[in-house]
Amino acid sequence: MANPQLNSGNPRVDIEYRRRKNAEEMRYQVVSFALMIFLTLIAFAAVAIKGFTSWFTVPFIILLAVVQVIFQLYYFMHMSHKGHEAPSLFLYSGVLVGAIAILAFSTIIWW
Amino acid sequence: MSTYAQKKGFGATLWDFLTTVDHKKIAILYLIAGGLFFLVGGLEAVFIRIQLAVPNNDFVSAGLFNEIITMHGTTMIFLAAMPLIFAFMNAVMPLQIGARDVAFPFVNAVSFWLFFFGGVFLNLSWFLGGAPDAGWTSYASLAIASKGHGVDFYILGLQISGFGTLMGGINFLVTIINMRAPGMTYMRMPLFTWSTFVTSALILFAFPPLTVGLVLMMFDRMFGAHFFEAAMGGNTIIWEHLFWIFGHPEVYILILPAFGIFSEIFSMFSRKRLFGYSSMVFATVLIGFLGFMVWAHHMFTTGLGPVANAIFAVATMAIGVPTGIKIFNWLFTMWGGSVKFTTPMHYAFAFIPTFVAGGVTGVMLAAAAADYQYHDTYFVVAHFHYVIVGGVVFALLAGTHLYWPKMFGTMLNETLGKITFWTFFIGFHMTFFIQHFLGLWGMPRRVFTYLPGQGFETANAVSSFGAAFMSVGVIVMLINIIVTSVKNVKVGNDPWGDGRTLEWAIPSPPPFYNFKQLPLVRGLDAYWIEKMEGKKGMTPAEPLGDIHMPNSSFLPFIMSLGLFIAAFGAMYHVDKVSWALPVMILGLLITFGAMFTRSVKDDHGFHIHKEELMDDDDKGVKA
Ligand code: HEM
Ligand SMILES: [Cu+2]
């Protein structure tokens, strides 16, 4: 989706603005990339290190995965940008509906 | 490309409709196909009422009765009510937001043809060894034990038409999010558009569970899996959950557009702004949201346990609150308005007490402990017919009268319309009111007969008598449609004289590009605002320019036809007949071939040039 707020009509200003914006973007992406690698390492470590029960490691890894998905969506798929309100609304609604179904299935059918 | 429809031969018109991607023509297709299925479903209903009119009747056998009730429910919900709703959404929503078409006109055509072929497939079961007989809910223990191919027709037919519905929903969402005219903010959208939006979101989230359920059922029945078979480690309850996770939102998919149509009618014919517009929007969204948390109220008696039952009971009752908000807003819209009793207004007026009755029995059913008594009796049948007929069907009949001039350029006869209303209204209450009592007296639903002396005779006779009235109402409406079409008296932009929203600002039927110039929207009830300031039409938001339009295409038809053919192959493959597999492959090749053609062949559409549009002006706006 185009970012209409990036156009002022003046090409020089636009280019300057875009360059700064892109640099900032890039910094975020690198930081979140590093963080994601770090989180992945922690996940491996949680399994490798002896002494944790699976009651800890499984939810912990799932939590890390959720965090990574959020990074992915916001920093790599640009959901933090303007103009993504509708997609985020639908994404969260979908997650909610799915979560309710899973919760119900796991509480009243399977266990 | 001329703007004016020339006199065309039948062949050319047929080809035009087979290849159209114009939302207004697709709306007409939905109206015709949905209308035909409505008549089929209605005929099935009449057979049910004949069979039950007297005790110990043998008009149909027990097995055939099961097929008839299954097909009645399935046809009415999936092949009549939903497509008819889609007809109005297609016809009206793009006009209401000031768009030239939906976001994906080609996909819109695919949606229609998928629904159509799915519906035809399902109904062919009558001629090919028997219809499905496990109820419209097709509970797995029954469905898997069902002999013959009936349930396979149900699975494959619904799967195909379900794809179409899902695509349609997504298309409407994208249209509303992206294609609103300048100035048409969310909070200026007419309520019918709002309800289309929320309904489409419900479709987006509710149809995938159905698809999953149907796939699992297909594997169980056709490929030897055992997802739902307890003896093999499966669980039959999973189907019920999947079905109702879809099924309850489905009833809101049906009722919300009905609310939308009635909201338009109330404010048009009370000649007042809708009372509490923002609370109406809020209530619509809230109903859509809560609709996903209540599905287990259909399963109170399956043994979910007291905690689950209590949670779902409370959530269900909560839906009564936003629904109540709406009822009061409609009443306050009429209050102090100068109410004009047109045919659509008759339906809207009758809808309020009827729907409230259905809502009240709904809350009664939602009391889990009491539901052990009501469940699977005629009380439930009465409840859902009060909401579905008294809500959805009333809205569809009202919408037919209201939007007929916009869709076809002619006005249905008001006197005949009111005759339809009164016969249908009286017949409806005669048929279903007494069924509350039948249920409380203990008559179970889905039984093919009952014995004399059980105390059910009189009530059933009354009920069947009412069905005859409803049939008369529908026949009068058909006559009305024929008479109106033969007379063919054309009407202007705003035939009701009270139009408030954008669709009434343009000719009836609109030119194929809808708006020569996109209109500038200055508030809620955009057209009304301009009228009140003494203007003739909308202020344009753009200079006159070329308009980009999509080309017609036969591919949507072919794509859907391919799946239709493949479904036969998949179904008879179970019988180990030699032609089944080749037929399935052939069908899939047709579908994917058509998709491939669509992907590689560039189709950029065409432009209507400015000069042509100006020509139209010179000739003067006809009609
Ligand atoms: C105030 C709102 C409503 C409440 C509280 C409510 C509650 C319920 C409950 C608890 C049942 C299950 C009864 C049983 O099987 O024992 C039921 C069934 C049903 N309801 Fe509603 N309902 C409401 C509105 C609607 C609406 C608006 C529609 C459709 C437009 C609808 C359509 C149905 C259908 C089709 C069934 C029967 C399904 C079947 O078993 O075949 N309901 N309702
Ligand atoms: Cu429900």
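This is a predicted model: local features need pLDDT of at least 70, side-chain atom pairs count only at pLDDT 80 or more; totals for chains, interfaces and linings use all residues.
**Copper site**

- His248(B) belongs to helix α8 of chain B, while His297(B) is in the loop between α9 (277–290) and α10 (306–334), so the pair ties together parts that are 49 residues apart in sequence.
- Buried or exposed, where do His248(B) and His297(B) fall? Both of them are buried.

**Iron site**

- If you want to find His383(B) in the structure, look in helix α13 of chain B.
- From the iron atom of ligand 1 across to the copper ion (ligand 2), the gap is 4.5 Å.

**Around ligand 1**

- There are 22 residues around ligand 1, and the ones that come nearest are Trp136(B), Asp371(B), His375(B), His383(B) and Arg445(B).
- Asp371(B) puts a polar side-chain atom 2.5 Å from an oxygen atom of ligand 1.
- For His375(B), an N or O atom of the side chain is 2.8 Å from an oxygen atom of ligand 1.
- Arg445(B) also reaches an oxygen atom of ligand 1, with a polar side-chain atom at 2.9 Å.
- Sorted by type, the shell has 13 nonpolar residues, seven polar ones and two charged ones.
- Three helices of chain B, α8 (236–269), α11 (343–366) and α13 (378–408), each provide at least two shell residues.
- Which helix gives the most to that shell? It is α11(B), with six residues.

- Ile160(B) is part of helix α6 (residues 150–178) of chain B.
- Its relative accessibility is 6%, so Ile160(B) counts as buried, the cut-off being under 20%.
- Setting aside residues up to four places away in sequence, Ile160(B) touches Leu114(B), Gly118(B), Leu563(B), Phe564(B) and Ala567(B).
- Phe116(B) is 44 residues from Ile160(B) in sequence, and their C-alpha atoms are 9.0 Å apart.
- Helix α17 of chain B covers residues 555–573, and it is mostly covered, with 14 of its 19 residues buried.
- From first C-alpha to last, α17(B) reaches 27 Å, close to the 27 Å expected at 1.5 Å a residue.

- Most residues other than glycine have a negative phi, and most peptide bonds are trans.
- The peptide bond from Ser508(B) to Pro509(B) is cis, with omega near -15 degrees.
- Pro509(B) is in the loop between α15 (457–487) and α16 (526–532) of chain B.
- Arg446(B) is not a glycine, yet its phi is positive, near 60 degrees.
- You'll find Arg446(B) in the loop between α14 (414–440) and α15 of chain B.
- With 33% relative accessibility, Arg446(B) counts as partly exposed.
- Lys576(B) likewise has a positive phi near 60 degrees, and it lies in the loop between α17 and α18 (580–600) of chain B.
- Why does Lys576(B) count as exposed? Its relative accessible area is 74%, and the cut-off for exposed is over 50%.

**One more lysine**

- Lys487(B) is located in helix α15 of chain B.
- At 58% relative accessibility, Lys487(B) counts as exposed.
- Thr19(B) and Lys487(B) are 468 residues apart in sequence, with 28 Å between their C-alpha atoms.

Definitions and conventions:
Residues are numbered from 1 along each chain as its sequence is written. Chains are lettered from A and ligands numbered from 1 in the order in which they are written. Side-chain values use heavy atoms; hydrogens and water are left out. A residue is near a molecule or strand if one of its heavy atoms lies within 4 Å of it. A polar contact is a pair of N or O atoms within 3.5 Å; within protein, one must be able to donate a hydrogen and the other to accept it, and residues adjacent in sequence count only if both atoms are side-chain atoms. Helices (H or I, at least four residues) and strands (E, at least two) are DSSP runs, numbered from the N terminus. Ala, Val, Leu, Ile, Met, Phe, Trp, Tyr, Cys and Pro count as nonpolar, Asp, Glu, Lys and Arg as charged, and the others, Gly among them, as polar. Buried means under 20% relative accessible area, exposed over 50%, partly exposed in between (1.4 Å probe, protein chains only). Contact means heavy atoms within 4.5 Å. The expected span of a helix is 1.5 Å times one less than its number of residues. Donors are N, O and S atoms within 2.8 Å of the metal (3.2 Å for Na, K and Ca); water is not among the atoms, so sites may look incomplete.
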